[in-house]
Amino acid sequence: PGARTQFSINVSRIGTNQVIVTGDVTQPNAYAISRAGTAMDALYKAQGPTEKGSLRNVQVRRGSRTVGVLDVYDYLIRGDASTDLRLENGDVIFVPPHGPRARVIGAVLRSATYELKPGENAADLIQMAGGFTADADPGRVQIERIIPPAQRRGLGTARQIIEVPRALFTNGAVSEATIEDGDLVRVGEVPSHLAARVAVE
């Protein structure tokens, strides 16, 4: 208090860490990353996971320990970088093969194929897809599922259609709409025809 001299310090040059990005990435290699760099920076350097790589289980390994797991969906879909770990020299970023995947099409904002975590259901999948469009009908959501060969009873039984209850999107009836690997979720639109019409002239 009362000092007549003040000073400020700015960082003019930041060193680098040598890290290794390996697994199912486009360009696995050793990279020089800024000491302020994170796992996402290393993924950018390696041009991201391949088609077979996981976006939800990117592991940061330090020595013999896994010190962090990055879910890229948090970053891409929700803008949440809280799990994007700051890297240290010698860290290994490992991208394993992707987990179960399901596709959502129809009246959603981002029709695409999404990787699933255990316990995620149809409502979670639709949330990943940006939610319903204005003309979507939550009462017309179906899951198309491929039945394992051992459970098929004959010709025409390889696929199963499951109607998703509307209640899933209002009170979270999770157990009634689990998603499995390879599922296709269709979201229908509100019908264009009217159930009843009155004309006033």
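Tutor: Before we start, a quick definition: a patch is made of residues with over 30% relative accessible area and no salt bridge, and nonpolar side chains are joined within 5 Å. Keep in mind that this is a predicted model.

Student: Okay, which residues make the nonpolar surface patch of about 330 Å²?

Tutor: Residues in a patch need over 30% relative accessible area. The patch of about 330 Å² is made by Tyr-44, Tyr-75 and Leu-76.

Student: Is Tyr-44 buried or exposed?

Tutor: Start with its place, which is in helix H1, residues 39-45. The cut-off for exposed is over 50%. Tyr-44 has a relative accessible area of 53%, so Tyr-44 counts as exposed.

Student: Now the sheet. In what order do the five strands of the open sheet come?

Tutor: Strands of a sheet pair either parallel or antiparallel. Here E6 (residues 101-106) and E10 (residues 184-189) pair in the parallel sense over four bridges. E8 (residues 136-146) and E10 run antiparallel, joined by five bridges. The pairing in this open sheet is mixed, and the order is E7-E6-E10-E8-E9.

Student: And which are the edge strands?

Tutor: Look for strands that pair on one side only. Those are E7 (112-115) and E9 (159-163).

Student: By how much are neighbouring strands of this sheet turned against each other on average?

Tutor: Direction is ignored for this angle.

Student: Last one: which residue in E10 is the bridge partner of Val-104?

Tutor: Val-104 has its partner in E10. Ile-143 stands opposite that E10 residue too, namely Val-185.

Technical notes: Residues are numbered from 1 along each chain as its sequence is written. This is a predicted model: local features need pLDDT of at least 70, side-chain atom pairs count only at pLDDT 80 or more; totals for chains, interfaces and linings use all residues. Side-chain values use heavy atoms; hydrogens and water are left out. Two strands pair if DSSP finds at least two bridges between them. Helices (H or I, at least four residues) and strands (E, at least two) are DSSP runs, numbered from the N terminus. Axes are lines fitted to C-alpha atoms, for helices over the stretch in contact, and angles run from 0 to 180 degrees between N-to-C directions. Patches are made of residues with over 30% relative accessible area and no salt bridge: like charges are joined within 9 Å, nonpolar side chains (Val, Leu, Ile, Met, Phe, Trp, Tyr) within 5 Å. Accessible areas come from the Shrake-Rupley method with a 1.4 Å probe; for residues, only the protein chains shown count as cover. A salt bridge is a side-chain nitrogen of Lys or Arg within 4 Å of a carboxyl oxygen of Asp or Glu. Buried means under 20% relative accessible area, exposed over 50%, partly exposed in between (1.4 Å probe, protein chains only).
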